[in-house]
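My notes follow in the order I checked things.

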Amino acid sequence: MNKNNLPIFFAIAMAFGVLIGAFFTGQSATLSKTSLKEQKIKRLINFIQQDYVDEVNTDELLDGAITQMLTKLDPHSVYIPKENLQAVTENMQGNFVGIGVQFRIIDDSITVVHPMKGGPSIKKGIKAGDRILIADTDTLFGKGIRNNQVLKKLKGAPDTEVKLQVYRKSNDSLFDVTVQRGKVNIKSVDIAYMLNDSIGYIKLDRFARNTYKEFKESLTILKGLGMTDLVLDLRGNGGGFIDIANNIVDEFLEDDKLIVFTRNNGGEITESFATDRGDFEDGGLYILIDENSASASEIVAGALQDNDKGIIVGRRSFGKGLVQEEMDLGDGSAVRLTTARYYTPTGRSIQKPYKRGPKEDDELLGDVNISQSNYGDEVESRYRNGELLNRDSIKTVDSLKYTTPKGKVVYGGGGIVPDVFVPIDTSAYISPYFYAYLNDFAFKYVDNNRTKLSGIKIGDFIKNFDTNNEVSNTFINKIKDLRPSTLTKQKLRKFLKATIARELFNDQGLYRMNHLDDKMILKVLELEKE
């Protein structure tokens, strides 16, 4: 935004502030007073449009004013501009309309990394490694091509067609194919498989509309394979729909057990209870969480912990105990407004402080002044104060102490504290720059060896690939001047093999490789032996 427009921006923001103040005073603000406030804002906009000395984009000003206004409420009430709403909605609904490919721009070409299972492209024979050169009459290669340009060409209305010109490197062929756009699922279950003969594993990426269906299907398959204990991995899961989280918890809790309750600004309480439809009420359960597990993930972990079901393994979760409702603003944009707080079955709020207020917050935070700017950066703070490395560094407040039915002590006021702590693996960190280089090498290796690698099973790959270190030595020699000093050759070999596994087997390959020395997975296996 132009700096010259800042005074206007703040004027509009203040006007909106007055309006929202009138709105939140509820019954004390009469309709006529609210109408006067609305008229004031409309007049201000009209004055700017008609009389301001410079040309001003009032839509941009209004968007900025709304965003500024919402920051005065809480960190999770947000404005979604109309140009972003479709992508946000697709992510939450768990599907989009397009041709169904994961792609990457490689050497100025749109390269298919994976055709998505069940999508239109895979049905038309498009394969990993194919280059999409032209969509209808639009060229999709060359310098300067960007992801958003490609998406505009490949996405579209349901049942519309797009004619693609495709180059297949593996047999040096060029061909045309017409693909009918359709609904493509964005998967929520990244991977589901058996860790051993009795322990199953399910990784949930989000709580979208299709998540429960995917989860239920995975649970049924794993039970059929002999699963008696389940590892539910919620690490990095930022949340989603509260009702989907409740449905998943219901699979584990006995009938009529309280899952969660919410309280709105009028004091109205809404409770959610388990039903008789749970399919894994008698199974063993481990829930993996970390500092990026938030919202719906914390509802699941908190409900199970407070009902003495399973073992929570990992590190303290993010600490988001607020419920948002999406509201249409009438012009294609929307606002997600916090409408309630949620509480775990013992009655604890796990929302971490985001502004100065109750005495408990001061006790919990010491002299730290929490603002919304550092609210989202707390992970770095947790690392600095040692919390990610040592359980004893987790600060808890006695006044926010609660007790589960079986006598376990749990705390509110800032996330879910795990039953079993596992420190962060600092040796697993690599810089974004080096990660990009690693991805590039792995892709090009697979792309140049697709014929040789085709047909290999994931178990055989994990056991037998590059046992003589020929591939990894080539990589290590290439990056000898770029190699991070903290990474050993052993770690580099592991990272490379995992990245190649992802190129070949998608998330299945990446996770199964990483699980070989995943500290939380190893802790679960240790607990099982005990």
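Which helix supplies the largest share of the lining of the second largest pocket? I looked it up: α17 does, with six residues. I keep in mind that this is a predicted model.

**Entry 1: the pocket**

I stayed with the second largest pocket and noted its volume, about 1300 Å³. I found 36 residues in its lining. Nearest its centre lie R235, D425, A428, Y429 and N514. I then sorted the lining by class: 15 residues are nonpolar, 15 are charged and six are polar. Next I checked where the lining comes from. Helix α17 spans 489–505. Strand β11 and helices α13 (432–448), α17, α18 (507–514) and α19 each supply at least two lining residues.

**Entry 2: helix α19**

I went on to α19, one of the elements that supply the pocket lining. This helix runs over residues 519–529. I listed M520, I521, V524 and L527 as its buried residues. Looking down the axis of α19, I see these buried residues within an arc of 120°, so they line one face of the helix.

**Entry 3: helix α16**

I repeated the check on α16, residues 470–478. Its buried residues are V471, S472, F475 and I476. They cover an arc of only 130° around the axis, which puts them on the same side of α16. On the face turned away from that buried side I noted the exposed residues E470, N477 and K478. The cover over the buried residues of α16 includes α13 and α17. Both α13 and α17 also turned up in the pocket lining.

**Entry 4: R168**

Is R168 buried or exposed? I read a relative accessible area of 13% for R168, and buried means under 20%, so R168 is buried. R168 sits in strand β7, residues 161–168. I then looked for a polar partner. The side chains of R168 and D130 are joined by a polar contact of 2.8 Å. Leaving out residues up to four places away in sequence, I found that R168 touches G125, I126, K127, D130, S173 and F175.

Technical notes
Residues numbered from 1 in each chain as written. Predicted model: local features only at pLDDT ≥ 70, side-chain atom pairs only at ≥ 80, totals over all residues. Heavy atoms only, no water. Buried < 20%, exposed > 50% of the residue type's maximum accessible area, 1.4 Å probe, protein only. Helix = DSSP H or I, 4+ residues; strand = E, 2+ residues; numbered from the N terminus. Arc of directions from axis to C-beta. 1 Å grid on protein atoms, 1.4 Å probe; cavity = no way out; pocket = protein on both sides within 12 Å on 5 of 7 lines; lining within 4 Å. Points joined across faces, edges and corners; volume = space filled by probe spheres on them. Nonpolar A, V, L, I, M, F, W, Y, C, P; charged D, E, K, R; others polar. Polar contact = N/O pair within 3.5 Å; in protein donor to acceptor, adjacent residues only side chain to side chain. Contact = heavy atoms within 4.5 Å.
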